[in-house]
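Grab a pencil and work through the exercises below. Try each one on your own before reading the solution.

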Amino acid sequence: MSENLKNVIELKCSELQPGQIKAEYKVSKSVLNAEAEAVARDFSVHAPVPGFRKGKAPAKMVMSKYFPQIKEELTRKVMSTALDKFSEEQGTEIVAFNLPEGEKFPEIDPAQDFNLVLNFDVAPKFELPDYKAIKIDVPVADVSAAAMAERIESYKKMYASYQDVNEAAVAEDMLNVAYTSDFVLPEDASATLKRQVESDDNWLWLNNPEIIPGAIAALTGAVAGKEYTFTADYPADYREAALAGQKVKYTVKVSKVQRRVPLSSIQELCEKMNLENEDKLQEQIRESLELDAKMKAESEKKDKIVAELLKKVGDLVIPPTLLAQETQKELRRIANGMVKTEEDAKKFKDEVTSHKAAAEL
């Protein structure tokens, strides 16, 4: 970065709101010309110009031949210097920056003055308290017999197998199916879209998230060898744009109903997990639960330390962009905990304003 360039860039700053600063830059055409010529000289050392040895071609000729590349490098140089100048003058760390809403980045033209406006989100200024003096004790929970038994049962389900049953399908069963629909495929339909609306051989799991909306309600109670029809109501934000917001009528032929059969004994579980005996299984599970407990305690400890630090620091101004990012992250966390079905998703959307307000707290 050219120190001279940093010194001659004009910068005027004003606060838009707490944590956000408007920066107005101006670079005169004489400065841009000088910098463009310096970039051209650098190019001439490596860039070939017919009739001249490298580094010997006139600057104007190099400028004419490589102007797009020179302008790109000039833009990078000016932007890098502008950011550095802002950070130095404001004495703060840049969290994010962007153009004012609706604005486009202006092109640099060495024949004209260059004007640029950027909005900066900046890190709040505060004095770091004596964090070493904060004492937080979070005991690691002991592994209980109940937790051991629960983990073993979860492993039995995890390593379960699916077996054919001659019964009506219930929740969490797997159905081997063939299906068609009334959806008209576009000519450029992807393989994924084609399989979503028609398949000669597929598996549908009667559990969320549904592969086809409405399949759980329509096929619970289904038996092998019979045909069923239902209408799938695809949500407006469905991942396949062609199906988003569509109502699609399906005809489904069920050929098999399979049900998960958990392992019935500890010995079976040991075999599935390649463990010698029950003692080894208990040892592995205990180590896993102890690690979980330790990680949970560490997480709680960090949260408490942060809470104590915030008490000592006082109120902080959170930059708008960072606040928006953290709000979205918290909103996703809330959604992941609440939305399990299509009904839940609709309810969440209807109440998104209140959920967003809770996420901002």
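Helices (H or I, at least four residues) and strands (E, at least two) are DSSP runs, numbered from the N terminus. The model is a predicted one, where local features need pLDDT of at least 70, side-chain atom pairs count only at pLDDT 80 or more, and totals for chains, interfaces and linings use all residues. Residues are numbered from 1 along each chain as its sequence is written, and side-chain values use heavy atoms, with hydrogens and water left out.

**Exercise 1.** Work out the strand order in the open sheet of four strands, and find its edges.

Step 1: The order is β1-β2-β4-β3, with antiparallel pairing (a pair needs at least two DSSP bridges).
Step 2: β1 (10–17) and β3 (94–98) have a single partner strand each, so one side of each lacks a neighbour in the sheet.
Step 3: Seven bridges join β1 to β2 (residues 20–27); Q17 has Q20 as its bridge partner in β2.

**Exercise 2.** List what F86 contacts.

Step 1: Ignore neighbours within four places in sequence.
Step 2: That leaves L11, C13, I21, A23, Y25, G91, I94, F120 and V122.

Definitions and conventions: Contact means heavy atoms within 4.5 Å.
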